[in-house]
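I opened this notebook to keep track of what I looked up in one model, entry by entry.

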Amino acid sequence: FISYSHRDERQTARLHRQLESYPIPKRLVEAARSQGQTIPKRLFPVFRDRDELGGAPDLSARIQDALRESRFLIVVCSPHSVGSRWVDEEIKAFKRLGRESRVLAYIVDGEPNASDDPRTTSLECFPEGLRFRMGLDGVITSERTEPIAADARKGKDGDHLALLKLVSGILDVRFDD
């Protein structure tokens with residue numbers, strides 16, 4: 001499930017295409033098989049609302065269903081996603097399912113934890129639900145998280161390495177593999 005602000009549509013559509021078409025290296029599939037594990041040949045399907053949802057009388061119910069059916073939540077991080085109530089709600093809903101360890105950050109713009117400094121708060125790229133842990137009561141706590149993000153920005157990981165970081169996280173294989 002990719003959670004994003006529609007203002008980041010271009011980067012998200014590209015990421016969606018890259019994830020669904022990425023061929024998992026044969027040696028990873030075979031190595032997993034030899035250890036009794038399974039790695040798919042492709043990461044398909046990846047849920048993105050524009051591509052997956054048809055008309056429905058209750059969009060929120062469809063989103064909730066898609067979150068329940070998803071193994072991972074990829075958050076496209078930017079100041080736009082911080083400003084999106086829906087992105088934050090999707091993160092919180094996914095965490096309430098007990099999948100906090102399966103939330104992956106993909107930075108396209110802004111700065112992580114910029115809101116720690118009042119002078120740079122508008123650059124924040126991590127929504128609140130991503131920056132803080134979820135309590136047992138289903139409420140965001142004041143305990144910080146330290147997401148290891150795939151950083152697609154120029155001068156950081158760039159598009160290709162950021163994609164590989166997401167893929168390795170989803171497959172639960174070491175990045176260098």
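**Entry 1: cysteines.** Before looking at any pair, I wrote down the criterion: a disulfide is a pair of cysteine sulfur atoms within 2.5 Å. I also noted that this is a predicted model, and I kept that in mind for every entry below.

How far is the sulfur of C77 from the closest cysteine sulfur? I found 5.4 Å to the sulfur of C125, which is too far for a bond.

**Entry 2: the cores.** I looked up the largest nonpolar core and found 27 residues in it, with L15, L19, I24, I74 and Y106 having the most contacts inside it. Helix 1 (9-21), helix 2 (26-34), strand 2 (73-77), strand 3 (103-107) and helix 8 (158-171) are the elements that give two or more residues to this core. Which of them gives the largest share? I noted helix 8, with 6 residues.

A second, separate core has 19 residues, and I63, L67, I107 and A149 are included in it.

I then returned to L19, one of the residues with the most contacts inside the largest core. Setting aside residues up to four places away in sequence, I find L19 touching I2, L43, V46, I74, L163 and V167.

**Entry 3: helix 1 against helix 8.** I looked up how this pair is arranged, and helix 1 and helix 8 pack at an angle of about 55°, with their axes 11 Å apart. That angle makes helix 1 oblique to helix 8, and I noted the crossing of the two as right-handed. Which residues meet here? On the helix 1 side I listed R14, L15, Q18 and L19, and these meet D159, L163, L166 and V167 in helix 8.

**Entry 4: L43.** L43 lies in the loop between helix 2 and helix 3 (49-52), and I record L43 as buried because its relative accessibility is 8%. Leaving aside neighbours within four places in sequence, L43 is in contact with L19, E20, I24, V167, I170 and L171. For a distance across the chain, I took L43 and I148, which are 105 residues apart in sequence and 21 Å apart in space, C-alpha to C-alpha.

**Entry 5: two serines.** I looked up S168 in helix 8, where a relative accessible area of 10% makes S168 buried. Beyond its neighbours within four places in sequence, S168 is in contact with V173, R174 and F175.

Where is S78 placed? I found S78 in the loop between strand 2 and helix 5 (79-82), and S78 is buried, with a relative accessible area of 0%. Finally, S78 and S142 are 64 residues apart in sequence, and I noted 21 Å between their C-alpha atoms.

Key. Residues are numbered from 1 along each chain as its sequence is written. This is a predicted model: local features need pLDDT of at least 70, side-chain atom pairs count only at pLDDT 80 or more; totals for chains, interfaces and linings use all residues. Side-chain values use heavy atoms; hydrogens and water are left out. A nonpolar core is a set of buried Ala, Val, Leu, Ile, Met, Phe, Trp, Tyr and Cys residues joined through side-chain atoms within 4.5 Å. Buried means under 20% relative accessible area, exposed over 50%, partly exposed in between (1.4 Å probe, protein chains only). Helices (H or I, at least four residues) and strands (E, at least two) are DSSP runs, numbered from the N terminus. Contact means heavy atoms within 4.5 Å. Axes are lines fitted to C-alpha atoms, for helices over the stretch in contact, and angles run from 0 to 180 degrees between N-to-C directions. Angles under 35 degrees count as roughly parallel, over 145 as roughly antiparallel, 65 to 115 as roughly perpendicular and the rest as oblique. A crossing is left-handed if the near helix is turned anticlockwise from the far one by less than a right angle, and right-handed if clockwise.
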